[in-house]
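This briefing goes through one protein chain topic by topic. Keep the structure in view while reading.

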Amino acid sequence: MSEKSKELKKVMISDLWSMKEKGEKITMITAYSYPQGLIVDEAGIDVILVGDSLGMVELGYRDTVPVTMEEMLSHTRAVTRAVKRAHVVSDLPFMSYNISIEQAVTNAGVLYKDGAADSIKLEGGQDMAEAVAAIHRAGIPVFGHIGLTPQTAALLGGFKVQGKSIDQARKVYDDAIALEEAGAFALILEAIPKELAALITEKVRIPTVGIGAGVGCDGQVLVLHDMVGLFKRFTPKFVKVYADVYTTQVNSVEEYIKDVRSSDFPGDEHSFGMSADTVEKLREQLGS
Ligand code: KIV
C-alpha cells in the first residue's frame with residue numbers, strides 16, 4: 001500500500017481504541033461546512049465533530065439550544081461529502097433525543113443514515129445511558145459527552161467547570177462508567193479538573209477526548225473557529241489560538257473594496273478580451 005493511500009485509509013473506531021491502548025493521542029476538531037471538512041481532513045485530523053456549536057460559531061445563535069435537526073443534517077452532509085479519512089461524528093441537537101428513547105434512536109438514525117456520519121454524539125451521563133444503549137443496540141456508534149454539557153448548562157449553574165467537589169467529581173465519574181457500560185465507544189470530557197479527567201481516562205477502557213480537561217485525556221478536541229481566531233465573541237480559557245483568520249478576512253475584504261473603488265481591480269489578468277477587428281465591426285454595427 002502506498003504512503004498516500006495509507007494516509008487516506010478511513011479512521012475506524014477500532015483505530016481509536018488501539019490508539020488509546022498504544023498511548024497515541026487522538027486529535028479531534030469541529031467542522032461545519034464542505035471547505036472546513038476538506039481543510040481539517042487534509043491537515044490529518046483523526047476525528048471531526050459536526051458539533052452543535054454550529055449554532056454559535058456559524059449561525060449566530062446565542063448558544064446551542066436553538067439548533068435544529070434540519071440544520072445538523074444539512075451541515076453534517078456538507079462535511080461528510082468532503083471527508084475521506086477522518087471519522088466524522090455528528091451531534092444530536094437539544095430536544096432531538098431528550099423526549100423519548102424512540103425519538104433518540106430515530107434522530108440518531110437520521111444523522112447516521114441520511115447525514116452519512118460515522119457516529120453520533122449526545123450530551124448527558126447516567127440520565128442518558130438508556131438512550132445511548134438503545135442507539136447502540138440499533139447499530140449506531142455513540143460518542144458520549146459529560147462534564148459541562150452546554151445544552152443543559154442552565155441546570156449546571158452556567159458555563160462552569162464541573163466536578164470540583166467530591167460529590168460532583170463522583171457524579172462525573174459515575175456518568176463515565178454508566179456511558180461505557182451503555183455501549184458508548186468514546187467520551188468527551190468537557191471543563192472538568194485535569195486530575196478527575198486523568199482518573200476517568202485511567203479507569204475506562206474507551207478513549208476520552210478532553211476539552212478543558214487537561215493533558216491526561218486520550219485526545220483533545222477544540223472548536224475550529226476558536227483555534228483559528230474566527231469566532232470573536234468570547235474565547236474560553238482552555239482554547240489555544242493558532243491564527244487570526246477573522247482579521248485576515250476583514251483585511252482582505254477591505255483591500256478588495258479599495259481596489260474596486262480605485263479601479264485597480266479587475267486588472268487585465270482577471271479580464272477576457274476580443275480582437276480589435278471584432279470590436280471595430282461591432283462599433284460599426286452599433287454606430288458608435
Ligand atoms: O458542539 C461542540 O462543538 C462540542 C464540543 C465543544 C465538544 O460539543
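The crossing of helix α3 and helix α5 is right-handed. The model that shows this crossing is a predicted one. The chain carries two domains: domain 1 covers 3-243, and domain 2 covers 248-286.

**Helices α3 and α5**

- Helix α3 is made of residues 34-43, and its axis comes within 7 Å of the axis of α5.
- The two axes cross at roughly 40°, and that makes α3 oblique to α5.
- On the α3 side, the residues that meet α5 are Y34, G37, L38 and D41.
- Their partners in α5 are A78, V79, R81 and A82.
- Sorted by class, this contact holds 5 nonpolar, 1 polar and 2 charged residues.

**Helices α5 and α6**

- Helix α5 spans residues 69-82, and helix α6 spans residues 101-114.
- Their axes lie 9 Å apart, and the helices pack at an angle of about 20°.
- Angles under 35 degrees count as roughly parallel, so α5 and α6 are roughly parallel to each other.
- The crossing of α5 and α6 is right-handed.
- From α5, the residues M69, M72, L73, T76 and R77 take part in the contact.
- From α6, they meet N107, V110, L111 and D114.
- The classes in this contact are 5 nonpolar, 2 polar and 2 charged residues.

**The barrel**

- How many strands close into the barrel, and in what order?
- There are 8 strands, and the order is β1-β2-β3-β4-β5-β6-β7-β8.
- The pairing in this barrel is parallel.
- On average, neighbouring strands of the sheet are turned by 25° against each other, with direction ignored.
- One of the pairings joins strand β5 (residues 142-147) to strand β6 (residues 186-190).
- These two strands run parallel and are joined by 5 bridges.
- Within this pairing, G144 stands opposite L187 in β6.

**Helices on the sheet**

- Helix α6 packs on the sheet and touches β3 (87-91) and β4 (119-121).
- The direction of α6 makes about 135° with that of β4.
- Helix α8, which is made of residues 166-182, lies across β5 and β6.
- Helix α8 runs at about 170° to β5.

**Helices α8 and α9**

- Helix α9 consists of residues 194-203, and its axis comes within 10 Å of the axis of α8.
- The axes of α8 and α9 cross at roughly 30°.
- The cut-off for roughly parallel is an angle under 35 degrees, and α8 and α9 are therefore roughly parallel to each other.
- The crossing in which α8 passes α9 is right-handed.
- A169, V172, Y173 and A176 in α8 make contact with L196, I200 and K203 in α9.
- This contact has 6 nonpolar residues, no polar residues and 1 charged residue.

**The two domains**

- How far apart do the C-alpha centres of domain 1 and domain 2 lie?
- The distance between these two centres is 47 Å.

**Backbone details**

- The peptide bond that leads from F265 to P266 is cis, and its omega is near 0°.
- P266 is placed in the loop between α11 (245-261) and α12 (276-286).
- A191 is a residue other than glycine with a positive phi, near 50°.
- A191 sits in the loop between β6 and α9.

Note on methods:
Residues numbered from 1 in each chain as written. Predicted model: local features only at pLDDT ≥ 70, side-chain atom pairs only at ≥ 80, totals over all residues. Heavy atoms only, no water. Domains from an automatic or database assignment. Axes fitted to C-alpha atoms, helices over the stretch in contact; angles between N-to-C directions. Helix = DSSP H or I, 4+ residues; strand = E, 2+ residues; numbered from the N terminus. Parallel < 35°, antiparallel > 145°, perpendicular 65-115°, else oblique. Left-handed = near helix turned anticlockwise from the far one by under 90°. Contact = heavy atoms within 4.5 Å. Nonpolar A, V, L, I, M, F, W, Y, C, P; charged D, E, K, R; others polar. Pairing = 2+ DSSP bridges.
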